[in-house]
Amino acid sequence: EPHSSVPSSTSSLSVDAQSLQKQIDELSSFSDTPAPSVTRVLYTEKDVLARRYVKNLMGLAGLSVREDAVGNIFGRWDGHEPELAAVATGSHIDAIPYSGKYDGVVGVLGAIEAINVLKRSGFKPRRSLEVILFTSEEPTRYGISCLGSRLLAGSESLAKALKTTTDSQNISFLETAKSAGYAKDEDDLSSVFLKKGTYSAFVELHIEQGPILEEEGISIGIVTAIAAPASLKVEFEGNGGHAGAVLMPNRNDAGLAAAELALAVEKHVLESGSIDTVGTVGILELHPGAINSIPSKSHLEIDTRDIDENRRNQVIDKIHQSAIRISKTRGVKLSEFHIVNQDPPALSAEVVIKAMETATRELNLTSKLMISRAYHDSLFMARLSSMGMIFIPCYKGYSHKPEEFASIQDISNGVKVLALTLAKLSLQ
Ligand code: HGY
Ligand code: MN
Ligand code: MN
Ligand code: MN
């Protein structure tokens with residue numbers, strides 16, 4: 001009967017930095033855009049290849065691998081009390097167009113390496129440990145963020161919506177999932193929902209996607225809360241017409257309505273009274289998209305977030321009022337105002353924060369408590385169990401662009417903190 005104790009001296013925690021860096025580089029080659037950018041969208045051929053690559057690494061780490069109906073992938077190391085709720089970790093490998101090779105990837109490949117670190121140290125888990133590759137954290141293909149973890153957390157509305165969801169090419173989610181080898185028989189996605197008590201804790205390793213740790217020369221960020229994200233889809237319709245022949249008083253320009261609303265988003269965000277309120281219009285499409293044709297239709301997708309949920313919701317209400325006002329003053333139709341998601345923030349659990357603080361201290365690493373302004377799968381895993389996140393510095397805070405970078409030293413620090421935190425939580 002193996003006796004499990006947390007690795008006594010932290011010197012027994014050795015990260016194979018060279019192979020981890022190689023894996024990060026190899027994984028980044030599964031991309032639909034040229035290096036140094038990475039584009040890897042859910043269920044595309046590159047996504048399927050990348051999944052296969054990660055499943056192979058899970059197998060090499062001695063993990064038993066299973067996949068659910070939408071392609072969440074679980075690698076499990078049975079503890080000597082396997083009936084207890086397990087401790088999980090993980091992140092995502094999908095990448096938005098022209099992004100970088102560390103967002104999400106550090107928390108998947110780093111998690112597998114954390115398992116290898118513990119195995120090399122002779123550690124034996126009491127609670128089983130699971131590494132999760134979440135399907136589609138990014139909203140790129142179907143416009144919904146954290147699709148896999150949202151389902152795991154039991155979102156009935158999402159399970160229902162996915163039966164009729166299509167992508168921009170009008171291909172259905174279920175058909176595409178099937179082509180990637182998932183959603184085989186049932187189109188009842190509630191099979192993905194995890195039972196309460198499946199996990200006792202969930203910890204995610206991720207690059208900060210902000211400049212604080214690097215600026216302050218701190219090695220580890222201990223996340224205390226994840227900001228509340230929301231996304232809106234808005235459409236205006238006007239008569240369009242000839243860009244030369246229609247005089248200005250006779251126009252109802254859907255493109256200018258969109259431009260006015262985009263500036264209204266900025267205005268309402270800046271007037272919220274807090275630096276923590278953010279907002280942007282990341283997608284703005286004009287139809288028909290010809291220089292000499294007055295836009296007859298415009299489509300905007302708005303991303304607005306705040307650490308304070310009510311303040312964020314007030315901004316959404318003001319954006320809605322502005323959309324209605326603009327449609328009246330410009331004589332365009334507000335043909336859609338749809339709130340795609342309006343999620344609450346998530347707080348990290350004391351028990352996980354404590355384990356991470358102890359781990360960073362034992363590893364002689366500097367650390368700082370901080371909030372995550374980016375959302376993560378942890379936002380939804382917090383609905384299933386105690387949650388915590390470990391941040392590592394990234395170059396100038398860059399993310400969602402090819403210049404994204406994290407040093408293998410910082411990544412290795414994060415992996416060691418993750419390994420020690422998982423070990424502590426496994427023995428509780
Ligand atoms: O947008 C986000 O916050 C996440 O990085 N996908
Ligand atoms: Mn024992
Ligand atoms: Mn991202
Ligand atoms: Mn991410």
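My entries follow, starting with the ground rules.

**Ground rules.** This is a predicted model, where local features need pLDDT of at least 70, side-chain atom pairs count only at pLDDT 80 or more, and totals for chains, interfaces and linings use all residues. Residues are numbered from 1 along each chain as its sequence is written, chains are lettered from A and ligands numbered from 1 in the order in which they are written, and side-chain values use heavy atoms, with hydrogens and water left out.

**Helices α2 and α3.** I started with α2 (residues 45-60) and α3 (residues 105-120), whose axes come within 9 Å and cross at roughly 15°. Axes here are lines fitted to C-alpha atoms, for helices over the stretch in contact, and angles run from 0 to 180 degrees between N-to-C directions. Helices are DSSP runs (H or I, at least four residues), strands likewise (E, at least two), numbered from the N terminus. So α2 and α3 are roughly parallel to each other (angles under 35 degrees; over 145 is roughly antiparallel, 65 to 115 roughly perpendicular, the rest oblique). I noted the α2 and α3 crossing as left-handed, meaning the near helix is turned anticlockwise from the far one by less than a right angle. V54, L57 and M58 of α2 make the contact with V108, L109 and I112 of α3 (heavy atoms within 4.5 Å). By class, that contact has six nonpolar, no polar and no charged residues. Nonpolar covers Ala, Val, Leu, Ile, Met, Phe, Trp, Tyr, Cys and Pro; charged covers Asp, Glu, Lys and Arg; the others, Gly among them, are polar.

**Helices α1 and α12.** Next I checked α1 (residues 17-28) against α12 (residues 408-427): the axes come within 10 Å and cross at roughly 110°. That makes α1 roughly perpendicular to α12. From α1, A17, L20, Q21 and I24 meet I408, I411, S412 and V415 of α12. I put this contact down as six nonpolar, two polar and no charged residues.

**Cysteines.** How many disulfides does the structure hold? I found zero (a disulfide is a pair of cysteine sulfur atoms within 2.5 Å). For C146, the nearest cysteine sulfur, that of C394, is 18 Å away. C146 counts as buried because its relative accessibility is 0% (buried is under 20% relative accessible area, exposed over 50%, partly exposed in between; 1.4 Å probe, protein chains only). C394 is buried too, at 3%.

**E235.** Last, I looked up E235, which sits in strand β9 (residues 228-237). E235 is buried at 15% relative accessible area. Leaving out residues up to four places away in sequence, E235 touches K297, S298, H299, K333, L334, S335 and E336.
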